[in-house]
Amino acid sequence: MAIQSTVTRAESLVAHIQDRIAAGELAPGDRVGTRKELQAESGMARGTVIEAVRLLQDRGVVTVRPGPGGGLFVAEPSSVVRLGRTLLTVEGDAAGVADAIAVREELEPLVTELAARHRTDADVADLRQVMTVLADSAGDPEAFIRAVWDLHRRIVAIGPNQVLRETYLSLETYVEQHATRASRERSASNSEYFARRIDVHRALVDAIESGDAARARAAAQAHAH
């Protein structure tokens, strides 16, 4: 197994195993091997293989079984819903989760505009505090997406429109209740992705603090892309 890495060696090993699964060489329940076997086959360092296994587990690609005859096994397929460059593994109604995300994103400009019109100094201070948590979560997809959701919950709480607030929060709750795991799309650079998403959310908070409704709506529209 000769593998050349263009991102990180761990990611290249992950990609190789995912490609074998996609090609039908490995099916759900099939044994991939042990960490030592993967190390011998790939020629990679032990630490690199350990990191690759962690990524595969985080993404729901493999399960690890201990004991004799154990090792890495291809996981049963899960429903995955895309949220930007983040992949949400969900239980139950994947189509419903995708629909909830789509509707929620349509509401974002109005939610953000109302927040800009009605924010107080205390609201802005809270948003800045949540932004600190969000920035500190960079590198951890699951913690990061939870921090993003916390930020948006705090934004929608500012506006006076109760129907809008309850509708938005019910959509957010539906997504959270069905999401069991968040992971990153393997093709994108993690560091660049997290930095970009932090900048987008910081611009959102800046626009709300400015009190400029048009700027806030534009920031929300940029946030969706």
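These legends go with close-up views of a predicted model.

**View 1. Helices α2 and α3 crossing each other.** Here α2 (residues 35–42) and α3 (residues 46–58) have axes that come within 9 Å and cross at roughly 120°, so the two helices are oblique to each other. The crossing is right-handed. On the α2 side you'll find R35, L38, Q39 and S42, which meet R46, V49, I50, V53 and Q57 of α3. Sorted by type, the residues of this contact come out as 4 nonpolar, 3 polar and 2 charged.

**View 2. The R104–E172 salt bridge.** The closest N and O atoms of this pair sit 2.6 Å apart. Since R104 belongs to α4 (residues 94–118) and E172 to α7 (residues 162–178), the pair ties together parts that are 68 residues apart in sequence. R104 is buried, at 6% relative accessible area, and E172 is buried too, at 1%.

**View 3. D126 meets R154.** This salt bridge has an N to O distance of 2.8 Å. It links D126 in α5 (residues 121–136) with R154 in α6 (residues 141–156), 28 residues apart. D126 is partly exposed, with a relative accessible area of 32%.

**View 4. R128 paired with D206.** The closest N and O atoms are 2.6 Å apart in this salt bridge. R128 is in α5 and D206 in α8 (residues 190–210), so parts 78 residues apart in sequence get tied together. R128 is partly exposed at 28% relative accessible area, as is D206 at 27%.

**View 5. A salt-bridge network.** R146, D150, R153 and E176 are linked here. For the whole model, the salt-bridge count comes to 14.

Terms used:
Residues numbered from 1 in each chain as written. Predicted model: local features only at pLDDT ≥ 70, side-chain atom pairs only at ≥ 80, totals over all residues. Heavy atoms only, no water. Axes fitted to C-alpha atoms, helices over the stretch in contact; angles between N-to-C directions. Helix = DSSP H or I, 4+ residues; strand = E, 2+ residues; numbered from the N terminus. Parallel < 35°, antiparallel > 145°, perpendicular 65-115°, else oblique. Left-handed = near helix turned anticlockwise from the far one by under 90°. Contact = heavy atoms within 4.5 Å. Nonpolar A, V, L, I, M, F, W, Y, C, P; charged D, E, K, R; others polar. Salt bridge = Lys/Arg side-chain N within 4 Å of Asp/Glu carboxyl O. Buried < 20%, exposed > 50% of the residue type's maximum accessible area, 1.4 Å probe, protein only.
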